[in-house]
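Dear colleague,

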Amino acid sequence: MGMGRAGSYYPGAERLISPVLHLLVLCTLSSLTHRGESQVQTPQCRIQKCTTDFVSLTSHLNPSLDGFGTEFCKALRAYSACTQRTSKSCRGNLVFHSAMLGISDLMSQRNCSKDGPTSSTHPVIPIEPCNYHSRHHQAIRPGTGTGAPEHPRPTYLFCGLFGDPHLRTFKDHFQTCKVEGAWPLIDNNYLSVQVTNVPVVYGSSATATNKITIIFKPYQECTDQKVYQAVTDDLPAAFVDGTISGGDSETRSIWILEKSPGRHVEIHAAYIGVTIIIRQQGRYLTLAVRMPEELAMAFDETQDLQLCMNGCPTSERIDQEGHLQLPMLGLQQASFQQQARVEAQRGVFTLESASRKCREQLEVKDIYFHSCVFDLLTTGDANFTTAAYNALKDMETLHPKREHWHIFPNSAPGLRPFSLLLNALLTGFLITVLL
């Protein structure tokens, strides 16, 4: 899924990305040409300013709102008029002729007439009070140096939960936890997310998620309280009140997208800049959340039990500091007969076959790969391979910092090789069951 990383999604915007991006490239090319290619870009050719004005006129437009087409066509006609005024001085300029083709393509795509009103080159960009991105990215009015001061770009946080279960916190700490029963992932003044986990193997402490409850709290005039609930085999494309969106008739402040019926939904809460992805793979659910840091931190001391914010309590941890590591004592004390019984209980996957299965979808041997191996050895359920893969892709979609995407289990000094520790962990689980 290619989702905007600024915290908003506008249905239909993907149809504009290619031509508008084309014109942005033209703007860059014309800037470079102006600096270094005087034989192509003559001093009188003003194609760069025409393109820059067009980008300024359209960058704030929201394709999901009424009137978008009218305003976009006005901007295109203004762009076309600007290029016509500079056509003589731009004769032979490749950037100019490419811009003309781009304008023609956009006019055709949007069914814009050549005659009609045009946009002012210095528009006042309105703030949308029920759009977090708009409230925090209000720029100085183009070309005037006046207007509302620009806010610092907000910082976004990511949290994910998948598998048996593996938790990636807002601080990019990776943990594997027991957390059986109902646990809060997020609980602040704007959003509450709670998951319910059940055992996946009899007698083992490993669990997986079979229920997710999300509460979007009331916010000014943007939305009333909205509750979403998913359970195994019931991943609805609506809130519990039967609606699929919230907000007034002109703009939606929150909405649900069904990407794959019964398997994959996304919730976009534009008024607080939150995106949530929920999936079902096999019998269990996965969750991925992106949220602005300033809103995630809006809670008091009564709301400090949040797995996304503070991780799992020490008593609920299976891993050690993000690494699936256990002492070898249990294996060393087990008899040969007990070890044989353990191996027999592992099902169809050995360490080698589980690694091979996970490599089919997970090329990088980061913590998602090793979590996949752990889950296959724990459960014997191949669905956990796809769950780990989807968790990785959802993280790549929502996580704001690409350099933090991959976490490697052997990156900390002094740790034993992961495969040996993973074997010990699974053996310890099964010895506990069989003794």
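**Cavities**

About 40 Å³ of space lies in the second largest cavity. This is a predicted model, in which local features need pLDDT of at least 70 and side-chain atom pairs count only at pLDDT 80 or more, while totals for chains, interfaces and linings use all residues. Residues are numbered from 1 along each chain as its sequence is written, and side-chain values use heavy atoms, with hydrogens and water left out.

A cavity here is a set of points, on a 1 Å grid over the protein atoms alone, where a 1.4 Å probe fits but cannot get out; lining residues have an atom within 4 Å of a point. Grid points are joined across faces, edges and corners, and a volume is the space filled by probe spheres set on the points.

The lining of the second largest cavity consists of Phe-162, Gly-163, Gln-281, Tyr-284, Leu-285, Thr-286, Phe-384 and Ala-387. S12 contributes the most to this lining, with 3 residues; helices (H or I, at least four residues) and strands (E, at least two) are DSSP runs, numbered from the N terminus. By class, the lining has 5 nonpolar, 3 polar and no charged residues (Ala, Val, Leu, Ile, Met, Phe, Trp, Tyr, Cys and Pro count as nonpolar, Asp, Glu, Lys and Arg as charged, and the others, Gly among them, as polar).

In total there are 3 cavities of 30 Å³ or more. The largest has a volume of about 60 Å³, and its lining includes Phe-158, Phe-162, Thr-286, Tyr-368 and Asp-394. Two or more lining residues come from each of strand S1 (156-162), strand S12 (284-292) and helix H12 (383-398), with S1 giving the most, 4 residues. This lining divides into 7 nonpolar, 2 polar and 1 charged.

**Salt bridges**

The structure holds 10 salt bridges, each being a side-chain nitrogen of Lys or Arg within 4 Å of a carboxyl oxygen of Asp or Glu. One of them joins Arg-279 to Asp-394 (2.8 Å, N to O). This pair links distant parts of the chain, with Arg-279 in strand S11 (residues 274-281) and Asp-394 in helix H12, 115 residues apart. Arg-279 is buried at 14% relative accessibility, as is Asp-394 at 3% (buried means under 20% relative accessible area, exposed over 50%, partly exposed in between, with a 1.4 Å probe and protein chains only).

Another salt bridge, between Lys-49 and Asp-53, has its closest N and O atoms 2.7 Å apart. Both residues lie in helix H2 (residues 47-58), 4 residues apart, about one turn of the helix. Lys-49 is partly exposed at 38%, whereas Asp-53 is buried at 15%.

**Aromatic contacts**

There are 11 aromatic pairs. Rings of Phe, Tyr and Trp (its six-membered ring) pair if their centres lie within 6.5 Å; planes under 30 degrees apart count as stacked, over 60 as edge-to-face and the rest as tilted. The rings of Phe-54 and Tyr-79 are stacked, because their centres are 4.9 Å apart and their planes at 20°. Phe-54 lies in helix H2 and Tyr-79 in helix H3 (residues 68-85), so the pair ties together parts that are 25 residues apart in sequence. Phe-54 is buried at 2% relative accessibility, and Tyr-79 is buried at 1%. Ring pairs also link Phe-54, Phe-68, Phe-72 and Tyr-79 into a cluster.

Yours sincerely

Notes. On a 1 Å grid over the protein atoms alone, a cavity is a set of points where a 1.4 Å probe fits but cannot get out, and a pocket is an open set with protein on both sides within 12 Å along at least five of seven lines; lining residues have an atom within 4 Å of a point.
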